[in-house]
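Morning, everyone. Please put the sequence and the structure up on the screen, and I will go through them with you.

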Amino acid sequence: MKTAFRLLAASMLSLLLLPCISPLRAQEPSVIPLPDVLQKPDGTRIRTALEWTGERREEVLEMFSQEMYGHVPSRPEGLHFEELSSETVFGQAGIRKTVRIFLDADGRHGFTVLLHLPKTARGPVPVFVGLNFKGNDATLDERASSRWPYERILAAGWGVATAWRDEIEPDTPHGAEGGVRSWYNPGGDWGAISAWAWGLSRILDYLEGEPSVDASRAVVIGHSRLGKTALWAAANDRRFAGVVSNDSGCCGAAISRRKVGETFQAIDTTFPHWFTRAFDKYMGREEAFPGDQHWLLALSAPRPLYVASASEDQWADPEGEWLSAKEAGAVYALFGQKGIGEIYPAPDTPDASGRIAYHVRSGAHDIKAWDWEQYIDFFSRWLSVND
Ligand code: GTR
């Protein structure tokens, strides 16, 4: 009886407190009008998965290509691969390979992939694919172990492939020498995010021929600017079976029209090289952009999509990332797939029962072991990994 009374008192108290702890009330779509991803420019409405895939999806992809990131070219002629090394690591638990991806026939341009695989796997394994910030060797450093917990990923039955962002396209605003954009430009004006996304697809080209990997179960993953990149890679390359956006923020998962944290003005001033030049006209004019970032997330439909934020990462606007994940649900619904719920979840409580998942981890802008645990769980469920 006493317990029942306590429970009742506690739930009444939480009802009283609800307005204070629910900061989203003032930020919901009714307050900030969001462009409807299902509405075509000519006013007609998309009502079926077939209409989405057959007509609308291409329009939305083209809009982001033209107005934000630039076009991502297809696989280049002459692409080829060479295994550089293979060794057993982590006792007997893993295999570590390095592979050179040559981007042209004469092998003048290329980058190196670091691939880890579980040694005891019974068949080809699913794989996470993501770029890194500091170089492949740096991901082996102990200090990087929360960003790249290789042993844990392998123990869950997954492989993981990474490559250094700068070896594909240096992250510099002042004209990058040696990046793919300096020698290969079939699509015209493409930004670094498109160049990195293109690199991720080239890793997948290689993985398709790697017998220990099941490339039909490749999940593209990225943190921050590389989270923006992962979303854009999944949008362009439907071979990716799933995608993780970790703290991707402005021009990644976060709704731009909220203008919370980083804005178009801020991002395009500091990082102009990430974008196509057509994007410049939207500086300070988020409302003029023909869509918003839930449209980008919708391009992953109906594949499993995980959007994650960190509570102290206000620059990336966690609530805007959540809102975007929620709104992308309209497209997933066309495929009969459930998205996330209507309530912004408490920290460290994933909303992950649908085909879209979201969490806000307590703490700073980063990928932690806890984040990885959620990704492994979610994608193991959707891509059926039992070991
Ligand atoms: C910040 C940038 C963000 C985010 C981040 C990162 O400086 O403003 O858009 O991408 O860098 O990549 O860590």
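Start with arginine 47, which sits in the loop between helix H1 (2-21) and helix H2 (49-69). Is arginine 47 buried or exposed? Its relative accessibility is 60%, over the 50% cut-off, so arginine 47 counts as exposed. Now find glutamate 177 as well: 130 residues separate it from arginine 47 in sequence, and the C-alpha to C-alpha distance between the two is 46 Å. Keep in mind that this is a predicted model.

Next, the chain as a whole. The secondary structure comes to 10 helices and nine strands. The radius of gyration is 21 Å, close to the 21 Å that the globule rule gives for 387 residues, so the chain is as compact as a globular protein of that length. Along its principal axes, the C-alpha trace spans about 70 × 55 × 40 Å. Of the 387 residues, 55% count as buried. For contacts between residues at least 6 apart in sequence, 69% join residues at least 24 apart.

The accessible surface is about 16,100 Å², and carbon and sulfur atoms account for 55% of that. There are 40 positive and 51 negative side chains, with the centres of the two sets 4 Å apart.

Now the inside. In soluble globular proteins, nonpolar side chains tend to be buried together. Here the largest nonpolar core has 84 residues, and those touching the most other members are Trp52, Phe64, Met68, Ile203, Leu207, Trp232 and Phe279. Which helix gives the largest share of this core? That is helix H5 (residues 192-207), with 11 residues. Another core lies apart from it, made of 26 residues, among them Tyr150, Leu154, Ala241 and Tyr306.

Let us look at phenylalanine 279 again. Leaving aside neighbours within four places in sequence, phenylalanine 279 is in contact with Glu67, Met68, Cys251, Phe264, Ile267, Asp268 and Phe289.

Leucine 231 is in helix H6 (residues 225-236). With a relative accessible area of 0%, leucine 231 is buried. What does leucine 231 contact, leaving aside its neighbours within four places in sequence? The list is Val243, Ser245, Ser248, Gly252, Ala253, Leu296, Leu297 and Leu305. For a distance, take glycine 135: leucine 231 is 96 residues from it in sequence and 21 Å from it in space, C-alpha to C-alpha.

Last topic, the backbone. Most residues other than glycine have a negative phi, and most peptide bonds are trans. Where does this model have a cis peptide bond? One joins alanine 301 and proline 302, with omega about 0°. Proline 302 is in the loop between helix H8 (293-298) and strand S8 (305-310).

Then there is serine 224, which is not a glycine and has a positive phi, near 60°. Serine 224 belongs to the loop between strand S6 (213-223) and H6. Its relative accessibility is 13%, which is under the 20% cut-off, so serine 224 counts as buried.

Aspartate 247 is not a glycine either, and its phi is positive at about 50°. You will find aspartate 247 in the loop between strand S7 (242-246) and helix H7 (264-270). At 2% relative accessibility, aspartate 247 counts as buried.

That is my part done. Thank you.

Notes. Residues numbered from 1 in each chain as written. Predicted model: local features only at pLDDT ≥ 70, side-chain atom pairs only at ≥ 80, totals over all residues. Heavy atoms only, no water. Helix = DSSP H or I, 4+ residues; strand = E, 2+ residues; numbered from the N terminus. Rg over C-alpha atoms; globule rule 2.2 N^0.38 Å. Buried < 20%, exposed > 50% of the residue type's maximum accessible area, 1.4 Å probe, protein only. Contact = heavy atoms within 4.5 Å. Areas by Shrake-Rupley, 256 points an atom, 1.4 Å probe, with all protein chains shown as cover. Lys, Arg positive; Asp, Glu negative; His and termini not counted. Charge placed at Lys NZ, Arg CZ, Asp CG, Glu CD. Core = buried A, V, L, I, M, F, W, Y, C linked by side-chain atoms within 4.5 Å.
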